[in-house]
Amino acid sequence: MLVNEKVALEHGLKSEEYKKICDLLKRTPNITELGIFSAMWNEHCSYKSSRLHLKKLPTKGKKVIQGPGENAGVIDIEDGDAIVFKIESHNHPSFIEPYQGAATGVGGIMRDVFTMGARPIANLNSIHFGSPQHKKTKNLLRGVVHGIGGYGNCMGVPTIAGQTSFDSSYNGNILVNAMTLGLAKKNKIFYSKAAGLNKPVIYVGSKTGRDGIHGASMASASFDDKIEEKKPTVQVGDPFTEKLLLEACLELMSGDSIIAIQDMGAAGLTSSSIEMASKGNLGIEINLNKVPCREAKMTPYEIMLSESQERMLIILENGKEELAKKIFDKWNLDFAIIGRTTNTKNIELFFDDKQVANIPINTLVENSPMYDRKWKKAKLPKKNKIKNDVFNNLKIKDVLKKILSNHNVCSKEWIWQQYDHTVMGDTIQKPGGDSGVVRVHGTKKAIAASVDSSAVYCWAHPLTGGKQVVAESWRNLISVGAIPVAITNCLNFGSPENEDNMGEFVECVQGIGEASKYLDFPVVSGNVSFYNQTKEVGIKPTPSIGGVGLIKDYKKMVTMNFKEINNLVLVIGKTEGHIDQSLFARAILNEKNGPPPEVNLFNEKNNGQSLLNLIDKNFIKSAHDISLGGLITAVSKMCIMGNKGIQFKKTKNLINKIEYFFSEDQGRYLIEINSKDLANVSKILDKNSVYHEELGIIIDGEMIIDDKTKVTIDELKSYYTNALKEYMST
Amino acid sequence: MKSSVITFPGSNCDRDMDVALKKFGFKNKMIWHNDNELPKSDLVVLPGGFSYGDYLRCGSMASKSKIMQSVINFAKSGGLVMGICNGFQILVETGLVPGALLRNRYLEFICKNVFVKLNNKDNSYFKNLDKNIFEFHIAHNEGNYFCTKDQLKEIEDNDQIAIFYCNDNGQINDKFNPNGSIKNIAGIFNKEKNVLGMMPHPERMIDQSLSGEDGSLFFKNLINNIK
């Protein structure tokens, strides 16, 4: 096939990019080479619009063993143990084919983690759908949940936490972000940097088929009316083969045969071989006739661009081929020596005894385009003035009912009951809490993880929103008694070629950077997903933050359910009554304007660390951070889960009760303590200048808001528990 | 007491079972599906998971695997064989216990705590347990027990039903049936009661930090019964 500019444009390259390729090669590429360039230079693989800005994120810290740039980030959790983790998007495929799209998203992220020598110990996910009323939402939700479960359940890795949101901006572009944590020994981490000449290049795992060709390019473009035609670009997952691949890789990794290993994810064999050679500053030679193929007569172009799942590329020490082959034979997986490392610094491909591609690797990697896209700075919106009459005309109980049964707040049990969350026998905090928690098998330690995003805040003011998501992740870890260690981020945005969308990206990243730097909560891995838009309509900016924390003694873990009648409930952090951009403003007042709540990083850090101190001293019986839906929503959840009520103390607030209960001011937690500890707890909080107030006392069976307003726990449960189940069954 | 846990390539509760058996005093060995011989064992366990991917009917390929011939012989000679979840599905496919396990009635995977009521304590698994209602954990997509009317009559006549799904008071009705199983059946025996297949996972309930501790009672009692 003749290559010209038109063919290049069909591959998603821009005219000037095609010209650059010809200049770099000093000739016209052939079709296989063009395919390789298009795969390496698309947004998904090259980060060409985001690289410049991602550089500004804080990625180092005392606990960081490996930051961004590898298959996943690695943190030190003491005693020679390390946690390997990352979050990744699989948005575009999941919208086209929800089951397979979501399933292979989970498969891909688990591979990223076990490629580094870690056994996956927990999965999380952040999934976002269009309005519940939209005709596609139910089927997409069902398909995605089945897909995530289908893959993770078969792998035998518990899905311990997640986040689900609904917003009409996702009507045409759902988001599926999957996160995995793995456990490894600090001195047994595997990297993707090749080293040494004439080392055998090994292909293991599933055979290569025609599925997923150009998947990464598809993920780097907006949707139009013809998305159905893109179905063949969606990969099909086989979790059983991945389970075999996991066990076989870990078995091989227990020895010393591996120099470098890289999974074949986006852009398959192309990006895995090129990345390994590039990092080692080497060349690589591959005989494509040796690649195990699922279908007959696959061309070099197809073999290089296939995104068939469950495959790995390994560079072995010489002489270890037989030993390695034995392991993969045991697990019934394909094993083929397909090439070797060279000193040419080129990627050279051979097929039927002919050279079919020869590209200097630096042209694909270092010389890949990098854009300083135009972007618009967002202004902080003006605060809304809401008249007291508006509040006075509302009944707290009615509002609470609407908020608790709102799809963004209500129980997501319908979702997480379909995920095996207890396999591996170490899940000590199940989904539905502030963070999921798993024990580090056989030790006193436990790892907490949470995934968060606040698209509405980011949309209203990206800089504040970016900070807020990191702060919320931090709070969710602290609420279960974990020391926050590091984060991974999945940055879901619209088109970077649109100045507004690009501005949202730049400022969200800035906010994330500021907060993670201040909180000493570095970013160790992540992924960017642009072009989440159909035609001209982009999604609300949705950075998902996956936070990971360490609990040194799992017996000190905290849960959110109220524990004991007559215990006191305190609020940490000040309630100022910020209503703009709250769920209350949107769902009850139908008010979409105004600034998001301010994020005060000093208070976040101070309040969080003080709470950790109280937890360490065993004062805290239950804790929960206050977020979406405000204070009374948070209290309701603690009541529902603990099957206990609360009698609110009479307050002398300057703000309206509605504002007090439903505002979404940041940096706040609810804590339960024994009344005899009140003086001690207050003393510690006062000493650290942490604002706190007594909210009420735990009682049996009902929530008593004031003399006239009472609601039974059973009523609260009925609002909260059934909304999603009922929605999905009608 | 010696136990053997069979590891199929897609087993994923084999380690959990190993941990549980060892915690309560068994000397446990992991046996690879491709082995020919079972070591001398007082108990053989088929663990949960997705034995060979289960893209075909769950457990059907595993039932024909190399090691299963020795497991079947061991069971027929009176040895104790317990299949949990996928292990139960494999037992059904070997014919060691009657019936079939269909997809859950709402076609969804279910992972949650359930209560079960013991139906028959005259066997090595449940005798000497001093309560009848246990809180166990289920995690499956195909746990909807089904059998023909004739089979059901035979099962009932032989007192082969091991456990029923119920509520915390032991009430057995459709409301407390998580997956649509006939008569709320959660586990059954073979005629001789040396083979037990059940969907719930006692090995996930062996520690107060986990979903509960009723699994501990089960395993402690089991090893005492075998001694």
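Because the model is predicted, local features need pLDDT of at least 70 and side-chain atom pairs count only at pLDDT 80 or more, while totals for chains, interfaces and linings use all residues. Residues are numbered from 1 along each chain as its sequence is written, and chains are lettered from A and ligands numbered from 1 in the order in which they are written.

**Chain A overall**

- Chain A has 26 helices and 28 strands; helices (H or I, at least four residues) and strands (E, at least two) are DSSP runs, numbered from the N terminus.
- With a radius of gyration of 26 Å, close to the 27 Å that the globule rule gives for 730 residues, chain A is as compact as a globular protein of that length. That radius is taken over C-alpha atoms, and the rule is 2.2 Å times the number of residues to the power 0.38.
- Along the principal axes, the C-alpha trace of chain A spans about 85 × 50 × 45 Å.
- Of the 730 residues in chain A, 61% are buried. Buried here means 20 or more other C-beta atoms within 10 Å of the residue's own, exposed means 12 or fewer, and partly exposed is in between, with C-beta atoms placed from the backbone.
- Take the contacts in chain A with a separation of 6 or more: 85% of them are between residues 24 or more positions apart. Two residues are in contact if their C-beta atoms, placed from the backbone, lie within 7 Å.

**Chain B overall**

- Chain B has five helices and eleven strands.
- Its radius of gyration is 16 Å, close to the 17 Å from the globule rule for 227 residues, so chain B is as compact as a globular protein of that length.
- The C-alpha atoms of chain B fill a box of roughly 45 × 35 × 35 Å along the principal axes.
- Buried residues account for 53% of the 227 in chain B.
- Among chain B contacts between residues at least 6 apart in sequence, 75% link residues at least 24 apart.

**Where the chains touch**

- On the chain A side, 20 residues are in contact with 21 residues of chain B.
- Helices α8 (137-155) and α10 (239-253) of chain A each supply at least two residues of the side that touches chain B.
- That side of chain A divides into nine nonpolar, nine polar and two charged residues. For these classes, Ala, Val, Leu, Ile, Met, Phe, Trp, Tyr, Cys and Pro are nonpolar, Asp, Glu, Lys and Arg are charged, and the others, Gly among them, are polar.

**Helices in chain A**

- The axes of α7(A) (residues 98-114) and α8(A) come within 7 Å and cross at roughly 35°. Axes are lines fitted to C-alpha atoms, for helices over the stretch in contact, and angles run from 0 to 180 degrees between N-to-C directions.
- Residues of α7(A) that meet α8(A) include Gly101(A), Val106(A) and Met110(A), and those on the α8(A) side include Leu140(A), Gly147(A) and Tyr151(A).
- By class, this helix contact has eleven nonpolar, eight polar and no charged residues.
- Helix α19(A) (residues 462-478) has 17 residues and should span 24 Å at 1.5 Å a residue, which agrees with the 24 Å between its end C-alpha atoms. The expected span is 1.5 Å times one less than the number of residues.
- All told, 17 of the 17 residues of α19(A) are buried, so this helix is largely enclosed by the rest of the structure.

**Residues with positive phi**

- Most residues other than glycine have a negative phi.
- Asp520(A) has a positive phi, near 55°, and sits in the loop between α20 (499-518) and β18 (523-529) of chain A. Asp520(A) is partly exposed, with 15 other C-beta atoms within 10 Å.
- Cys85(B) also has a positive phi, near 60°, and lies in the loop between β4 (80-84) and α3 (86-94) of chain B. Cys85(B) is buried, with 28 other C-beta atoms within 10 Å.

**Two buried residues**

- Leu245(A), in helix α10 of chain A, is buried, with 27 C-beta neighbours inside 10 Å. Leaving aside neighbours within four places in sequence, Leu245(A) is in contact with Gly205(A), Glu310(A), Met312(A) and Leu333(A).
- Phe126(B), in the loop between β6 (110-118) and β7 (133-140) of chain B, is buried too, with 22 C-beta neighbours inside 10 Å.
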